[in-house]
Amino acid sequence: MSYANLHKGVGYLPWCKKCVEDLYNTYLAQSNDAKAAARQVCRKLDLFWSDAVYDRLEKTASPASIMTQYMSRLCSTSLAGKSYDDTLAAEGTLWSFTVPDVPLEESEPETEVEEEPEIEVPEEIRQFWGPGYDSAMYLEMEERRQYWLSRMSGTGELDIGTEALIRQICPLEIDINRERAAGHLSEAGKLAGNLNNLLGSMNLKPVQQKDDVDADLEKTPLGVGIAKWEYYRPLPQTPDNMKDQSGLVKTVLTFFTGHLCKMAGVKGFHSRMYDEAMERLRVKRPDIDEEDDREFQAKFFDSGDDPK
């Protein structure tokens, strides 16, 4: 963000982050003084300079990254609308083009910047999100993570892949909101494309989430449909007293699987079931003894007739 008069048309610097870092590194190599190099960058880019802000960052940031973090602090509400002209006006050197030997008595003191209260962030939150963020960003990302966890089904712990995707999605959502609030719709659109890719990795796109399991059932292969039903609406375990009450399973195993095994010459449990069933159903020729034969003749033939 830039509040300089020459940048009012766009509202931000017309140079990329890498160019600014290269400029800072050039000044740092020449002066060997990180604070002087950072101020020189602010003077070159017409950005507001504050010793108080830099001194606070110097305690936690390294010289290589302090310029980037300093520029992010310029977006705070307490520094909004200020440029390097305000720095010079506060020091009383806005209209001085020579360095005085004695400091001007009428110079105004440096603008006091209200220090934002330091927010305590639990150590486990810092470990989850990693280093490099300020306290407000940590808490905002943690709030988004809790929202995602509350919306996701299941109560168990997340696998490492899902956890890694959430670690990328939450700060990306925050960046999109900030870019839109600043009026940078093109940047917000690019970030939204990255967000869609991450949602696709988690199978959370609307096209991937259909509450109606039976939707497009006519176009779904049978195996795919059964897999969907088993995943979304699995059948409960059948009690022992309710299993195969009609005997259909036993009938199929006996007269289809068992018969097939018998035909193929496969000996086993199913073929024995088939043999036992056929033994019960097989019709046997009755053995008629002589007494039964005489009784039969007496019933159907006269005594004088010869049955032969």
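Reader: What lies over the face of F128?
Author: R167 does, at 4.5 Å from the ring centre. R145 lies over the face of F128 too, at 4.0 Å from the ring centre. For a charge over a ring, NZ of Lys or CZ of Arg must be within 6 Å of the ring centre and within 35 degrees of the ring normal.

Reader: How far can I take that?
Author: This is a predicted model, where local features need pLDDT of at least 70, side-chain atom pairs count only at pLDDT 80 or more, and totals for chains, interfaces and linings use all residues. Residues are numbered from 1 along each chain as its sequence is written, and side-chain values use heavy atoms, with hydrogens and water left out.

Reader: How many aromatic pairs are there?
Author: The count is 4. Rings of Phe, Tyr and Trp (its six-membered ring) pair if their centres lie within 6.5 Å; planes under 30 degrees apart are stacked, over 60 edge-to-face, the rest tilted. W49 and Y70 have ring centres 5.2 Å apart and planes at 35 degrees, so that pair is tilted.

Reader: Is W49 buried or exposed?
Author: Buried, at 2% relative accessibility. Buried means under 20% relative accessible area, exposed over 50%, partly exposed in between (1.4 Å probe, protein chains only). Y70 is buried as well, at 0%.

Reader: Which residues form the aromatic cluster?
Author: W49, Y54 and Y70 form one cluster.

Reader: Back to F128. What does F128 form with W129?
Author: An edge-to-face aromatic pair, 4.8 Å centre to centre, with 85 degrees between the planes. F128 is buried at 14%, and W129 is buried at 6%.
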